[in-house]
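Thanks for coming. I will take a few minutes on one structure, starting with the ligand and then moving to some loop residues.

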Amino acid sequence: MSTAIPTLADDLVQLLSPGQVSTGESILEQHSHDESYHRGGRPDVVVFPESTEDVVKVIRYAAEHRIPVVPFGTGTGLEGHVVPVRGGISIDVTRMNRILEVRPDDFLVRVQPGVTKNQLNEALKRYGLFFPVDPGSDASLGGMAATNASGTTTVRYGAMRDNVRSLQVVLPNGEVIQTASLAAKSSSGYNLTALFVGSEGTLGVITELWLKVHGIPEKTIAARAQFNDFQSCVNAATAIVGAGVPVSRIELLSQEFVAAFNKYKGVDFPVVPTLLIEFRGSEQGVRIDVELAEEIARDEGCLGFDFVIDEEARNEMWEMRHNALYAFMHQFPGLGHMSTDVCVPLSKLPDACTFAQRRLKETGVRGAIVGHVGDGNFHVSIALDTNDHADLQRVHAYNEEIVHHALKLGGTCTGEHGVGLGKMKYQALEHGPALAVMRAIKAAIDPLHIMNPGKLIDEVQAAH
Ligand SMILES: Cc1cc2nc3c(=O)[nH]c(=O)nc-3n(C[C@H](O)[C@H](O)[C@H](O)COP(=O)(O)OP(=O)(O)OC[C@H]3O[C@@H](n4cnc5c(N)ncnc54)[C@H](O)[C@@H]3O)c2cc1C
């Protein structure tokens, strides 16, 4: 591929402009990985489209010359999705970052894919609206749709799949389609929006999104609940959600995470398993919800339940959650990061979580548990030494155990991070014959296999 590089970049400059094409070392390196430990290739060239038309030009060129294409949002993925395992063109959409339309009466916005979640929420404030899907990173909305991201608020507002109304997509042959109308419901045709959400750049490039937005509620209260032991903490979370208390967030931090955060931020929270909970609604409704949640938590052995009402204090509290990963990894300079991401039916969460916690202790893997426990989804964040074969093997074996256990409980290998490179090996086990249907869809839409090859369900296995 190396002798072709000058031609490839020159051709792309002809199609776009010199400032939109880069083969600079640091740019290629930046586009060869995400925030995970996965490595295994780099792009030959990175392009920065500024419009749908730019994307169409690049894709048509790539299809004509059968060059692999990898869409790139903000590169915060955790499963190596953006690693260009067969080189080619990395399409970085960060310059497509305009909010194109806000329709407060329809609770809809139209955005380009490079707009980030925080950027959108900042712009929506003046309309009294917000976009609810809240991963811990300030990811691009295109990347969030492509991975079906979710996060702290999913228990109340759903994942990306529940909050995308329609997508504009450039298909692998350069055609542009709109996946759905703007109607709130439709029985017309296959659900293409749901297909492209979660497709991880393997079926096309998302170039515009119509997203559902929500009114900012009258009252928000957050609470911190501390427990003596991990099991009681998980039980309380499932009991609160199971009782139908309409929490808008309920997040679990194991004591290892609290200790890491204390060190990282120089604060002094009690080092015990902790639930961070948020309630939204009317003044009166929220008070009733908080009382009920506290009662349930105390029944499960809660040691302390304190409220956080003013906005600044609430933001500080959620900062603890959003910084959990960085705080944990800060303790292990030079090590790589792996995150498990299983999701199980809610009633099985205590089983799955305590199994993961017990096996951490037994295997000596350096990990800590954090969870979107209202959805049955939790992560073990793991620090691993990618240069130490024994450590890699131990961590992979641990991850595999967690996944197999979750599948036995009726769960999935990935609740929100996606498959990328890291979870490909579980696809056959999780999906059985349905995997052949997915492969048929991939072959029909991308017969030349140019879109993010070697990922998700692609038979072209990646070396990583
Ligand atoms: C600290 C931290 C916390 C996190 N917390 C969460 C969490 O709570 N919940 C959660 O779900 N995730 C979480 N993540 C993972 C990550 O932020 C999400 O997966 C996010 O959706 C990735 O978005 P991105 O813009 O960074 O996409 P990238 O990493 O750039 O790309 C991800 C995938 O999407 C594809 N893609 C990107 N843009 C497009 C496009 N326009 N069209 C087609 N395909 C595209 C790429 O090809 C790739 O396959 C976290 C990550 C970090 C680092």
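A polar side-chain atom of Thr 74 lies 2.6 Å from an oxygen atom of the ligand. Before I go on, please keep in mind that this is a predicted model.

A backbone N or O atom of Gly 73 is 2.7 Å from an oxygen atom of the ligand. For a nitrogen atom of the ligand, there is a polar backbone atom of Gly 136 at 3.0 Å. How much of the ligand's accessible area does the protein cover? On its own the ligand has 970 Å² of accessible area, and the protein covers 98% of that. As for where the ligand is, it sits in the largest cavity.

Now the shell. There are 36 residues around the ligand, and those that come nearest are Pro 71, Thr 74, Thr 76, Ser 137 and Ser 140. By type, the shell divides into 14 nonpolar, 19 polar and 3 charged residues.

Which elements supply at least two residues of this shell each? They are strand E3, at 69–72, helix H5, at 141–146, strand E10, at 205–212, and helix H13, at 324–330. Of the elements, H5 gives the most, with 4 residues.

As background, most residues other than glycine have a negative phi. Two residues here go the other way.

One is Phe 107, which is not a glycine and yet has a positive phi of about 55°. You will find Phe 107 in the loop between strand E5, 99–103, and strand E6, 108–111. Phe 107 counts as partly exposed because its relative accessibility is 41%, and the band for that runs between 20% and 50%.

The other is Asn 148, with a positive phi near 45°. Is Asn 148 buried or exposed? Its relative accessibility is 14%, so Asn 148 counts as buried; the cut-off is under 20%.

Last, Asp 385. Its loop runs between strand E18, 377–384, and helix H15, 389–408. With a relative accessible area of 24%, Asp 385 is partly exposed.

Technical notes:
Residues numbered from 1 in each chain as written. Predicted model: local features only at pLDDT ≥ 70, side-chain atom pairs only at ≥ 80, totals over all residues. Heavy atoms only, no water. Near = heavy atom within 4 Å. Polar contact = N/O pair within 3.5 Å; in protein donor to acceptor, adjacent residues only side chain to side chain. Areas by Shrake-Rupley, 256 points an atom, 1.4 Å probe, with all protein chains shown as cover. 1 Å grid on protein atoms, 1.4 Å probe; cavity = no way out; pocket = protein on both sides within 12 Å on 5 of 7 lines; lining within 4 Å. Sits in = over half its atoms within 2 Å of the grid points. Nonpolar A, V, L, I, M, F, W, Y, C, P; charged D, E, K, R; others polar. Buried < 20%, exposed > 50% of the residue type's maximum accessible area, 1.4 Å probe, protein only.
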